[in-house]
Amino acid sequence: MEKAFFFSIDAAIGIAAVFIAMSSMTFLYLQDSSGPKIFQSTDQNMSDSAIIGFYLDKSPADMGLSNAIASSAKQGFCGRIFNYNPNNAIAGMQSAPADKNYCGGI
Amino acid sequence: MNKGIFSGLIAATAIILIGAIILTTSANVKNNGSENFSEKILETKREWNNARYLLDKTLSDKLADSVALPACTFTAPNQEQIESYFSNTIDNSIKNCDFEPVQITSSAQNNFAISFNLGCSKKISNDFEIKKFEKTVAFAKKADVQKDVPAIGKCTITITDLQSNIVEVQKTLP
């Protein structure tokens with residue numbers, strides 16, 4: 001008996017290929033990409049907040065941030081800024097830069 | 001009906017879909033890569049700003065440390081002395097920044113000015129480094145020293161930034 005279309009092996013392979021391809025595309029389009037986007041935004045916000053807070057002499061708390069990433073955060077970023085105080089107490093000795101972190105997490 | 005036609009159509013559709021997947025994925029990867037690249041450039045510029053600030057204050061520190069006691073006399077530092085202070089500051093803070101030799105452009109009457117190139121770079125991956133962000137920096141300071149009572153009094157050192165007119169160092173030493 002002559003095989004019908006749906007019973008041919010090459011047609012079955014073709015249908016399987018289309019099914020796999022469509023499933024893959026659906027998966028790619030539906031996967032949640034908001035996490036990395038929010039993180040990139042957080043990264044840039046921390047970096048900006050660090051330099052602005054530093055020049056305005058604001059603490060991390062004044063900028064709505066903290067000096068460390070909260071342990072409950074899934075991901076976070078710290079903008080690190082160094083300060084230098086030339087008014088050191090010891091004459092003839094160089095001061096050392098001191099770092100300050102402006103951190104946020106989501 | 002010839003079953004080869006259906007098979008051919010299905011195979012062609014599959015190829016087109018697979019091609020679309022490859023293009024979509026590749027565009028997504030490129031997009032993420034360019035966003036990452038932009039962030040790194042902005043971060044490098046922020047670090048350059050911070051490094052400039054640190055070296056500005058470091059120069060004031062060096063000038064304040066160039067006052068001989070108990071005579072209370074100011075001696076302008078030379079290039080090597082300034083670079084030594086700058087290197088210490090960079091080594092203890094933003095290590096991906098560096099400076100080219102410092103040129104002393106003025107040191108007359110306790111007015112002290114220098115100029116140098118400051119550059120910062122950042123690695124995006126192990127085999128790719130962005131172009132260094134580099135600009136010329138110039139600082140101008142004034143050092144004032146005086147004894148409240150000649151010969152025996154305390155020595156007051158005042159370092160003023162001539163670009164902002166801000167007093168950056170003011171201390172009295174015995």
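1. Does Lys57(B) count as buried or exposed? Lys57(B) counts as buried, at 14% relative accessibility. Here buried means under 20% relative accessible area, exposed means over 50%, and partly exposed lies in between (1.4 Å probe, protein chains only).

2. On the basis of the note: this is a predicted model, in which local features need pLDDT of at least 70 and side-chain atom pairs count only at pLDDT 80 or more, while totals for chains, interfaces and linings use all residues. Residues are numbered from 1 along each chain as its sequence is written, chains are lettered from A and ligands numbered from 1 in the order in which they are written, and side-chain values use heavy atoms, with hydrogens and water left out.

3. Chain A contains two helices and two strands, arranged α-α-β-β from the N terminus on. Helices (H or I, at least four residues) and strands (E, at least two) are DSSP runs, numbered from the N terminus. Of its 106 residues, 30% count as buried. The accessible surface of chain A comes to about 6,800 Å², with 63% belonging to carbon and sulfur atoms; such areas come from the Shrake-Rupley method with a 1.4 Å probe, and for residues only the protein chains shown count as cover.

4. The interface draws 38 residues from chain A and 39 residues from chain B, where contact means heavy atoms within 4.5 Å. The two chains bury about 3,300 Å² between them, 59% of it on carbon and sulfur atoms. Buried area is the accessible area (1.4 Å probe) that two parts lose on being put together, summed over both. Phe82(A), Tyr84(A) and Gln94(A) supply 18% of the area that chain A buries against chain B, more than any other three residues.

5. Across this interface the rule finds zero salt bridges, a salt bridge being a side-chain nitrogen of Lys or Arg within 4 Å of a carboxyl oxygen of Asp or Glu. Eleven residue pairs between chain A and chain B are in polar contact, both residues at pLDDT 80 or more. A polar contact is a pair of N or O atoms within 3.5 Å; within protein, one must be able to donate a hydrogen and the other to accept it, and residues adjacent in sequence count only if both atoms are side-chain atoms.

6. On the side of chain A that touches chain B, helix 1 (9-30), helix 2 (34-55) and strand 1 (76-83) are the elements that give two or more residues. Helix 1 of chain A gives the most, with twelve residues.

7. Met93(A) lies in the loop between strand 1 and strand 2 (98-105) of chain A and is partly exposed, with a relative accessible area of 46%. Leaving aside neighbours within four places in sequence, Met93(A) is in contact with Asn88(A), Asp61(B), Asp65(B) and Tyr85(B).

8. Glu168(B), in strand 10 (residues 166-173) of chain B, is buried at a relative accessible area of 7%. Beyond four places in sequence, the residues that Glu168(B) touches include Pro86(A) and Asn87(A). Its side chain meets that of Lys57(B) in a salt bridge (2.7 Å, N to O). Glu168(B) lies in strand 10 and Lys57(B) in helix 1 (residues 3-64) of chain B, so the pair ties together parts 111 residues apart in sequence.

9. Glu168(B) also forms a salt bridge with Lys141(B) (2.7 Å, N to O). Salt bridges that share partners join Asp56(B), Lys57(B), Lys141(B), Asp161(B) and Glu168(B) into one network.
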